[in-house]
Amino acid sequence: MNQWKIYGILTAVMIVWGFNLASVKYMVAFVDPVTLTAFRILLAGLSVIGILAGFKMLRWPAKSDWKYIFLGSLLNVVGHHYFLSNGLSLTTGSNAGLILGTGPMLTAVLVSLIMRNVPSRLQWLGVVVGFAGVAATVLVGNGAATGLNLGDIFVFLSILAQVLSYIVIANAARSLDPRLLTGYMFIVGATVLFIISLIQEPGEIRAFAAVPTSFWVAFLFSAMLGTAVGHMLYNYSIGQAGPTKAAIFMNLNTVFSLVGASVILNEQITAGHLYGLVLIVIGVLFGSGAAEDLLKKRKKRLSQ
């Protein structure tokens with residue numbers, strides 16, 4: 001597929017994900033996070049399977065693909081969504097959106113380390129600046145006196161789990177269509193999350209009976225569009241562009257998360273949040289290697 005079409009898909013996904021974050025934050029006020037997530041991911045998985053069946057792309061994975069499905073579901077579904085939904089019940093949507101913005105930086109550095117390429121000085125500088133942005137965001141959201149919020153830690157763990165899953169997805173894409181991988185990961189992950197919810201939140205399934213209509217609107221948007229279509233397209237883009245390039249677009253997710261927090265949750269976006277955003281974006285540009293690539297291209301042009 002044309003590179004610009006992939007970039008267009010990634011941009012659209014980031015807009016949806018930005019508003020999806022605020023939607024999940026809204027829903028955890030009515031249903032406890034793990035129970036909510038188990039059913040939201042199950043609907044997302046069934047939606048992906050239904051879409052792929054409609055396009056006659058559905059097939060049973062090969063025996064060798066199942067290791068990627070199980071590992072991907074534990075990281076991308078169970079780990080990511082468990083910590084994200086719990087984190088959103090304890091912190092603000094704007095804080096969560098900014099912390100999730102460290103994804104591109106973490107992706108680039110972890111890929112470099114796993115591939116045994118030592119990150120450059122500029123990449124390490126990006127890591128430091130990016131984490132400074134996260135620190136500024138956390139202090140703005142919680143007040144300097146209260147320090148780090150458990151919800152912020154959970155959100156950071158969620159993005160770390162997701163970043164690790166991107167490396168699994170990139171490897172799986174060599175033999176299994178990432179869109180198909182997404183559907184199976186969701187079904188397996190939702191099953192595990194449902195078992196966890198029965199232990200951690202017994203009887204919480206009854207809470208669905210008392211939710212308002214607006215909850216179901218947010219639930220359908222989040223499960224079918226934000227999670228099913230969003231992850232299916234994003235995982236497909238990872239297979240086409242690679243995890244590092246795809247992750248750079250998560251900068252836009254950060255911006256639209258702030259917009260969603262303001263529009264849906266009526267959260268106040270302060271100057272401190274914007275300072276944190278600027279630091280995270282700078283951190284991502286350096287940490288992902290994008291700034292380094294631009295400098296090399298500029299030097300090459302000047303030398304010609």
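**A colleague's note on the helix packing**

1. Let's start with Phe 186, which is buried at a relative accessible area of 0% (buried means under 20% relative accessible area, exposed over 50%, and partly exposed in between, with a 1.4 Å probe and protein chains only). Please keep in mind that this is a predicted model, in which local features need pLDDT of at least 70 and side-chain atom pairs count only at pLDDT 80 or more, while totals for chains, interfaces and linings use all residues. Residues are numbered from 1 along each chain as its sequence is written, and side-chain values use heavy atoms, with hydrogens and water left out.

2. Where is Phe 186 placed? Phe 186 sits in helix 8 (helices are DSSP runs of H or I with at least four residues, strands are runs of E with at least two, and both are numbered from the N terminus). Leaving aside residues up to four places away in sequence, Phe 186 touches Ile 41, Ala 44, Gly 45, Val 48, Val 77, Thr 227, Ala 228 and His 231 (contact means heavy atoms within 4.5 Å). One of these, Ala 228, is 42 residues apart from Phe 186 along the chain, with 8.6 Å between their C-alpha atoms.

3. Helix 8 and helix 9 pack at an angle of about 135°, their axes 8 Å apart (axes are lines fitted to C-alpha atoms, for helices over the stretch in contact, and angles run from 0 to 180 degrees between N-to-C directions). The two helices are therefore oblique to each other (angles under 35 degrees count as roughly parallel, over 145 as roughly antiparallel, 65 to 115 as roughly perpendicular and the rest as oblique). On the helix 8 side the contact is made by Pro 178, Arg 179, Thr 182, Met 185 and Phe 186, and on the helix 9 side the residues include Thr 227, Ala 228 and His 231.

4. Another pair to look at is helix 3 and helix 7, which pack at about 160° with their axes 8 Å apart. That angle makes helix 3 roughly antiparallel to helix 7.

5. The aromatic pairs number 18 (rings of Phe, Tyr and Trp, for Trp its six-membered ring, pair if their centres lie within 6.5 Å; planes under 30 degrees apart count as stacked, over 60 as edge-to-face and the rest as tilted). Phe 30 and Phe 215 have ring centres 6.0 Å apart and planes at 75°, so they are edge-to-face. Phe 30 lies in the loop between helix 1 and helix 2 and Phe 215 in helix 9, so this pair ties together parts 185 residues apart in sequence. Phe 30 is partly exposed at 34%, whereas Phe 215 is buried at 0%. Phe 215 also forms a stacked pair with Phe 219, at 6.1 Å centre to centre and 20° between the planes.

6. Finally, take a look at Lys 56 in the loop between helix 2 and helix 3. Lys 56 has a positive phi of about 55° although it is not a glycine, and at 79% relative accessibility Lys 56 is exposed.
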